[in-house]
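Subject: Structure for your review

Dear colleague,

Please find below the structure that I am handing over to you. I would be grateful if you could read the notes that follow with the model open beside them.

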Amino acid sequence: MTLQFICAEIERLHLQIRRQQKEVFTLQRSSIGAASAELLLARMQASVDALCIKRDKLVSERRIVPLCTNNSDLSH
């Protein structure tokens, strides 16, 4: 995986997580069980965390500044 691909995938997953969070909130507001949606959200966040670890490893190996400099990406 290239650094550029990993950064793009992190951003894509962040967008999906935000959408999923909105759906969970809507379900909870409607008094509908959201346990499975919350589990999906947790798995998505775990994927982002794993990609951030890979990204950080690539950056440290190459000693370069990451192409994705979005603060939300660098905080994970």
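Predicted model: local features only at pLDDT ≥ 70, side-chain atom pairs only at ≥ 80, totals over all residues.

Salt bridges

How many salt bridges does the count come to? The total is two.

One of them joins R12 to E9, with 2.4 Å between the closest N and O atoms. Both residues belong to helix α1, which covers residues 3-29, and they are three residues apart, or about one turn of the helix. R12 is partly exposed, at 38% relative accessibility. E9 has a relative accessible area of 18%, and it counts as buried because the limit for that class is under 20%.

The other pairs R55 with D56, and here the closest N and O atoms are 3.1 Å apart. R55 is buried, its relative accessible area being 0%, whereas D56 is partly exposed at 35%.

The nonpolar core

The largest nonpolar core consists of 13 residues, and those with the most contacts inside it are L3, I6, I10, I17, V48 and L51. Helices α1 and α2 (35-62) each contribute at least two residues to this core. Which helix provides the largest share? That is α2, with seven residues.

I6 deserves a separate entry. Setting aside neighbours within four places in sequence, I6 is in contact with M1, L51, K54, R55 and L58. Among these, L51 is also listed with the residues that have the most contacts inside the core, and R55 is the partner of D56 in the salt bridge described above.

Q20 and E38

Q20 lies in helix α1 and E38 in helix α2. Their C-alpha atoms are separated by 8.4 Å, although the two residues are 18 apart along the chain.

Is each of these residues buried or partly exposed? Q20 is buried, at 11% relative accessibility, while E38 is partly exposed, at 35%.

Their contacts are as follows, not counting residues up to four places away in sequence. Q20 touches A37, L40, L41 and M44. E38 touches V24 and Q28.

With kind regards

Definitions and conventions
Residues numbered from 1 in each chain as written. Heavy atoms only, no water. Salt bridge = Lys/Arg side-chain N within 4 Å of Asp/Glu carboxyl O. Helix = DSSP H or I, 4+ residues; strand = E, 2+ residues; numbered from the N terminus. Buried < 20%, exposed > 50% of the residue type's maximum accessible area, 1.4 Å probe, protein only. Contact = heavy atoms within 4.5 Å. Core = buried A, V, L, I, M, F, W, Y, C linked by side-chain atoms within 4.5 Å.
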